[in-house]
Amino acid sequence: MTTGTEHDFTLLRDALGPLRDREQVAARLLESSLKHSFDPETELDWAAPLEDGKWFWPPELVSLYDTPIWRRMSEEQRMDLARHEAASLASLGIWFEIILMQLLVRHIYDKSLTSDHVRYALTEIADECRHSMMFARMIQKGGAPAYPVPRIYHNLARVLKTVSTTPGSFAATLLGEEILDWMQRLTFPDERVQTLVRGVTRIHVVEEARHVRYAREELRRQMVTAPRWEQEFTRISCGEAARVFSTCFVNPRVYDNVGLDRRQAVAQVRASGHRREVMQSGARRLTDFLDDIGVLRGPGRRLWKSSGLLA
């Protein structure tokens, strides 16, 4: 792992152009954090009752949308599925954010503790703590259960947190942030959706924009300066993370909990052209970026294709 003084990043470039000075980027992000940060505990009206006839997630983003099962479901059952899927996605978000917080702490462990780069990382960790608590409270408010990822992936994440190299950590960060961010950007302006859910997604979108910028800039630096073996390891580990992420995106127990046949529902989701387009559209900005900086190559690219996130 490199320290902040080992490279003059202003002298380096990649396919996207010259690399920006790490401290200048962090200083801008810190300034933005001062102006545009939120405390969900006070920003959102948690005591307000839920609104009748409103969704917890836009119907077009629900996994079974436009499948034969969806067409047979009542409107009430569709809205109930959306409520459970919102809880499943929030549970996945908490899992990812806890992983990302640990990876960020590892990243700054050997860095200058007085640098703006480290100061912003600590600011982002504080943001992620608030987001995780916000998602957990939203799950409770909606009345659906939490949906932890399967035990095998829960334990695989322990391995990731132990062996992940720095570029791999930031590639995983972007995977966990950008696809959900795309969906949330469609959610918070949607007046069909519960006001509380729109508020949660608005806060997350505003604050995650900074997190994405930080991770993108650092991943570019790391891919330019990392040794060849680390670049190759990043490509493979990122592809495997994409496969796990797409597998865990919606917990199949949601179908049981709304009275559907789980195997039939999972099969129709896998066969759904609409769902494939939603997932690939959500990932497209990220996959274009990863392709530009050389992450989507070799076996890693094949893993991304197998995940369904890359056409």
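Q: Buried means under 20% relative accessible area, exposed over 50%, partly exposed in between (1.4 Å probe, protein chains only). Is Phe249 buried or exposed?
A: This is a predicted model, where local features need pLDDT of at least 70, side-chain atom pairs need 80 or more, and totals for chains, interfaces and linings use all residues. Residues are numbered from 1 along each chain, and side-chain values use heavy atoms, without hydrogens or water. Phe249 has a relative accessible area of 2%. That value is under 20%, so Phe249 is buried.

Q: How many aromatic pairs does the structure hold?
A: Rings of Phe, Tyr and Trp (its six-membered ring) pair if their centres lie within 6.5 Å. Planes under 30 degrees apart are stacked, over 60 edge-to-face, the rest tilted. The number of aromatic pairs in the structure is seven.

Q: What kind of aromatic pair do Phe96 and Phe245 form?
A: The two ring centres are 5.2 Å apart.

Q: Are Phe96 and Phe245 buried or exposed?
A: Phe96 has 10% relative accessibility, so Phe96 counts as buried. Phe245 has a relative accessible area of 1%. Both residues are therefore buried.

Q: Why is the pair of Phe245 and Phe249 edge-to-face?
A: The two ring centres lie 5.3 Å apart. An edge-to-face pair has planes over 60 degrees apart. Phe245 and Phe249 qualify because their planes are at 70°.

Q: Which residues form one aromatic cluster?
A: Together with a Trp, they make up one cluster: Trp95, Phe96, Phe245 and Phe249.

Q: What is the volume of the largest pocket?
A: On a 1 Å grid over the protein atoms alone, a cavity is a set of points where a 1.4 Å probe fits but cannot get out. A pocket is an open set with protein on both sides within 12 Å along at least five of seven lines, and lining residues have an atom within 4 Å of a point. Points join across faces, edges and corners, and volume is the space filled by probe spheres set on them. For the largest pocket, this gives about 570 Å³.

Q: Which residues lie nearest the centre of the largest pocket?
A: The lining has 19 residues. Two or more come from each of α9 (228-248), α11 (262-271), α12 (273-292) and α13 (298-307). Nearest the centre are Ser246, Thr247, Val269, Arg270 and Ser307.

Q: Which element gives the most to the lining of the second largest pocket?
A: This pocket has a volume of about 380 Å³. Leu156, Leu160, Ser237, Glu240 and Ala241 lie nearest its centre. Two or more lining residues come from each of α4 (75-108), α6 (151-163), α7 (166-187) and α9. The top contributor, with seven residues, is α9.

Q: Which element gives the most to the lining of the largest cavity?
A: There are five cavities of 30 Å³ or more in the whole structure. The largest cavity holds about 110 Å³. Its lining includes Trp57, Phe135 and Met138. With four residues, the element that gives the most is α4.
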